[in-house]
Amino acid sequence: MREFSFDAVVVGGGAAGMAAALALDSRGRTVALVDREAGLGGILLQCIHNGFGLIEFDEELSGPEFAERIEEGVRKSRIEAFCAATVIDLEAAGEEKTLVCVSSSLGILRLKCRVVVLAMGCRERNRGNIRIPGTRPAGVFTAGLAQRLVNIEGYLPGRDIVIIGSGDIGLIMARRMSWVGCEVHAVVEILPYPSGLTRNIVQCLHDFDIPLYLSHLTTRIYGRDRVEGVEVTPLENGALVPAKAFEIPCDTVLLSVGLVPENELSKKAGIDINPATNGPAVDSTMMTNLGGVFACGNVLHVHDLVDFVVEESRRAGGYAADWLDGQRPKAEARVKIGANVRYVSPGRVDLARENKIYLRSLVVKNDATLEVRLDKALVRSIRKNHVQPSEMISLELKPGELGAGSSRAEPVVEISIR
Amino acid sequence: MSPSREGIEGRFDVAVIGAGVSGACIARRLSAYELRVALIEKEEDVSFGVSKANSGIVHGGFHHNKKYLKARLEVQGGMMFDRLKAELDFPFVRCGIVVAAMHDDELRGIGQLYSQGVENGAIGIEMCSRERLLELEPRLSPDCVGGLYAPGGGIIEPYRFVFSLVESARKNGVVLFTGWKLVSAAREELAWRLRSSDGRIVEASYVVNAAGLHADDVSRAFGAEDFRIQGRKGEYYLLDRLTKAKPDRVVFPVPSASSKGMLVIPTVEGTVLLGPTATSTDDKEDFATSRVELETILRSAKNLVPAISESDVITSFAGIRSVLGEDFYIDVSGKAPALIQVAGIQSPGLTASPAIGEYVKDLLKKAGLRLVEKADWDPFVDKVPRAKDLTPFELDEFVKADPAFGNIVCRCERVTEAEIVAAIRRGHTTLDGIKYFTRAQMGRCQGGFCTYRILKIIMRETGMAWDEITKRGEGSRVLGGEL
Ligand SMILES: Cc1cc2nc3c(=O)[nH]c(=O)nc-3n(C[C@H](O)[C@H](O)[C@H](O)COP(=O)(O)OP(=O)(O)OC[C@H]3O[C@@H](n4cnc5c(N)ncnc54)[C@H](O)[C@@H]3O)c2cc1C
Ligand SMILES: Cc1cc2nc3c(=O)[nH]c(=O)nc-3n(C[C@H](O)[C@H](O)[C@H](O)COP(=O)(O)OP(=O)(O)OC[C@H]3O[C@@H](n4cnc5c(N)ncnc54)[C@H](O)[C@@H]3O)c2cc1C
């Protein structure tokens, strides 16, 4: 069994992991970057469509191009990348941490370090998670798996397609499948509004005349050996109307019904999970309840834009370097989730410095106001033309804005949408 | 097997029709004798019938009255599992069974089960106070009022059991035919001439009909007894291994007249199974689940174990019981010569199966088959190392010997490439076959991550093209085209 020591080990070599590793490297720390795939880049590598990098690079790149830009930095750095190595355990004994990895070429690998950055990304929710009854034939895929098959392996999952859920991956796949000559018969969404980005609704559905059924539930999958169709039932005032159910014949069902941060490793290591995000509960520096273990990117909360992932992860890497330098948060306040807010990440802010927070709305609303309160007093209000759950909101809070701090022993910053 | 004379694929002393747990136990038992035995299965792989979708419980010997053959075989079969496990290396744990009464009026039912168990000779069975029951199973609802404990009950991975039985049978000379659906049979001189749907022929002096749900069709093909197997569907929910609702023992409610009720089952592999329901069905191919039934399961299961949460659900499935009256029908046919009927093998068929193997061997002897023990019968199969069960030190050694042990293909169940290859080399080349052998695709992501990797390994190992790979045989092609 081989053993190596580093100042920091980053688990996951997607956009988040690479950005965090680069930040640590730039602070003169020795860093290992571990990914179970054969190369770095993560989920970006299968996203061959455009729409990445508008914020980060001020141009529109494909996923692999975006990944390549960041990877170039990694290659020039002193970061040691271990690819085709899966981390199976995180052991923490006080300050010292050990990551146990399995790899074909190196066998079992033990990486010792003081800082760990978790950047394992997320996985897709599946049929079982949303409990669609019916038969269990071949031809039911998650949209991401279908994307992988088409874009990387060169195979079609099927020919006549129904997409369940209007998440971004499903929308992108609706267009992708149309491009390769498949028939996309419908996108079926249980909510009254789409869960993907508006630009994707326009570019991927409208431009291809693909019907979007909002407030419709997929109530059954048909077909003994291979999918033969789905039954779709409308919802009116929150109740199913079986009398209006109809069938859409198809040979393939793609599911785009949400992503879940991939935290099995974290849970096993005793890291607390925030039920609102399904990611680790973190402080203002994105550190988990295990001192020296940080989290960023989709493993922390599901992002819609990789640009935000990189921004957040770069900061997480910086905070991790600060922690190694002995710095600790000075004046932390708990963030309280106010009206109409689904979650806020991170769950703490440091009143003594600038903070950047990401949040999601619980509602679809025009002319909304984002309100920030410190110990119940309104300290900031921001106008938003439009908010919706699928579009993440970013918010910067400067120390001045939060007053000189708080007189309370346990200050609370509340964020709400009106 | 290459056809010898006019398309005849082989001549055998015994042909067993159906490679479910019954047929597999019978074939393996017969493999101990100097006999040529064929095991014939219509599906692409073994255990793809009723034996793959059930509760996976080795029952405690108290549910049925001993006037029934099934009750006697249950007790006998249940006791054979420890030895079988040592020989055949399949997942099995005697975790014990509790039956929980939720009202005082259910306590009478508990008393009856207890007396029945004692009469049947179920070992260690015990009546429990509420406190004792909660001590045995702390996740039970605090509303329970008392119950029963059967320490001999256990849990098993049914398909792995069948796979091991068949592997052992083949190791000892049994010839397996898959994708071979029997459609007709003719008696010629002293042997049966069996014909498959695609015109292949196998000859056998004796035939065992262990065709599960289709045992009625098979019986008719022999001109034997005319009976009808009724299907009774049971639906299930499966919960992720990280659920907080995993009991230490199998939890039963007090049974009703028609069914054992809906259970909470900790599977051997760490997940939790809820179900089954019980509804009659005339379509024996209808394995669909329905919203109504699934909601019933959740409600009823939460009644027993309140910590159950729908957010832990990772999949649902259904199995169909083969019902023929109240009991198993295992006997020498009164109408067709040299035919043994093994029909109506409903619950506790899995538990009873090792005893069914013995019982059928004796029936064959009675019907005139000469049994001479093999001197070199080998009851053991080679163990397949599972990365999930190895310590890091052990795994490190395995990787040195075979780097494929270092490639984790299925992350949820931690299955390595080496295990996938082992499955394929043992003949499991469908996605479902590989799933049942290795557990890859069975965890929380249900194949979202590993399916494409498995497809690539199948292509590499077998040389199959994309359009030859199926989920579970003909008609279930996985991919729709090539770019
Ligand atoms: C289909 C799709 C379309 C998208 N479209 C856009 C878009 O148009 N524009 C945009 O800006 N953003 C888009 N995004 C979002 C953006 O791509 C992602 O949010 C971002 O790439 C996530 O980065 P990450 O590093 O957090 O996760 P990932 O890229 O998922 O990286 C996680 C890495 O961790 C590795 N890993 C996990 N567990 C382990 C372990 N135990 N051991 C070793 N390695 C491990 C994984 O192999 C993976 O490489 C899209 C995302 C998807 C999925
Ligand atoms: C919901 C449910 C829960 C259960 N739970 C339990 C439990 O917890 N414990 C327990 O002990 N028992 C349980 N049982 C019962 C147990 O699963 C069955 O008794 C057992 O699996 C029956 O096995 P079998 O080999 O007789 O039938 P099968 O497994 O159905 O095997 C018959 C085989 O014959 C093949 N076949 C059919 N026709 C032909 C043909 N013409 N040519 C070739 N092959 C053919 C089929 O493809 C099939 O593979 C349960 C059953 C159900 C449905």
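## Two chains, two ligands and the surfaces between them

In chain B, domain 1 (8–52 + 159–229 + 326–366) and domain 2 (92–153 + 230–320) both give residues to the shell around ligand 2, so ligand 2 lies between them; the domain bounds come from an automatic or database domain assignment. This is a predicted model, in which local features need pLDDT of at least 70 and side-chain atom pairs count only at pLDDT 80 or more, while totals for chains, interfaces and linings use all residues. Residues are numbered from 1 along each chain as its sequence is written, chains are lettered from A and ligands numbered from 1 in the order in which they are written, and side-chain values use heavy atoms, with hydrogens and water left out.

### Ligand 2 and chain B

There are 38 residues around ligand 2, and those that come nearest are Ser22(B), Glu41(B), Ser51(B), Ile345(B) and Thr351(B); a residue is near a molecule if one of its heavy atoms lies within 4 Å of it. The shell is made up of 17 nonpolar, 16 polar and 5 charged residues, where Ala, Val, Leu, Ile, Met, Phe, Trp, Tyr, Cys and Pro count as nonpolar, Asp, Glu, Lys and Arg as charged, and the others, Gly among them, as polar.

Some pairs of polar atoms can be picked out, a polar contact being a pair of N or O atoms within 3.5 Å; within protein, one must be able to donate a hydrogen and the other to accept it, and residues adjacent in sequence count only if both atoms are side-chain atoms. A polar backbone atom of Lys42(B) is 3.1 Å from a nitrogen atom of ligand 2, and a side-chain N or O atom of His59(B) is 3.2 Å from a nitrogen atom of ligand 2. An oxygen atom of ligand 2 lies 3.3 Å from a backbone N or O atom of Pro348(B). On its own, ligand 2 has 1000 Å² of accessible area, and the protein covers 97% of that; accessible areas come from the Shrake-Rupley method with a 1.4 Å probe, and for residues only the protein chains shown count as cover. Helix 1 (21–30), strand 18 (313–323) and helix 9 (349–366) of chain B are the elements that give two or more residues to this shell; helices (H or I, at least four residues) and strands (E, at least two) are DSSP runs, numbered from the N terminus.

### Ligand 1 and chain A

Ligand 1 is surrounded by 33 residues, of which Ala16(A), Asp35(A), Val87(A), Asn298(A) and Val306(A) are the closest. They divide into 15 nonpolar, 12 polar and 6 charged residues, and at least three residues are drawn from each of domain 1 (1–124 + 259–328) and domain 2 (126–257) of chain A. An oxygen atom of ligand 1 lies 2.8 Å from a backbone N or O atom of Ala16(A), while a nitrogen atom of ligand 1 is 2.9 Å from a polar backbone atom of Gly51(A). In the side chain of Arg199(A), an N or O atom is 3.4 Å from an oxygen atom of ligand 1. The protein buries 94% of the 1000 Å² that ligand 1 exposes when taken alone.

### Surfaces between parts

The size of an interface is often given as the accessible area lost when the parts come together. In the table, buried area is the accessible area (1.4 Å probe) that two parts lose on being put together, summed over both.

| Parts | Buried area | Share on carbon and sulfur atoms |
|---|---|---|
| Chain A and chain B | about 4300 Å² | 53% |
| Domain 1 and domain 2 of chain A | about 1100 Å² | 50% |
| Domain 2 and domain 3 of chain B | about 610 Å² | 40% |

Between the chains, 48 residues of chain A are in contact with 55 residues of chain B, contact meaning heavy atoms within 4.5 Å. Arg131(A), Arg136(A) and Tyr155(A) supply 18% of the area that chain A buries against chain B, more than any other three residues. Arg131(A) belongs to the loop between helix 3 (127–130) and strand 12 (140–142) of chain A, and its side chain makes a polar contact with the side chain of Glu295(B) (3.4 Å). Leaving aside its neighbours within four places in sequence, the contacts of Arg131(A) are Tyr237(B), Arg291(B), Glu295(B), Leu298(B), Glu310(B) and Val313(B).

Within chain A, the C-alpha centres of domain 1 and domain 2 lie 32 Å apart, and the contact takes 11 residues from domain 1 and 17 residues from domain 2. In chain B, 8 residues of domain 2 are in contact with 8 residues of domain 3.
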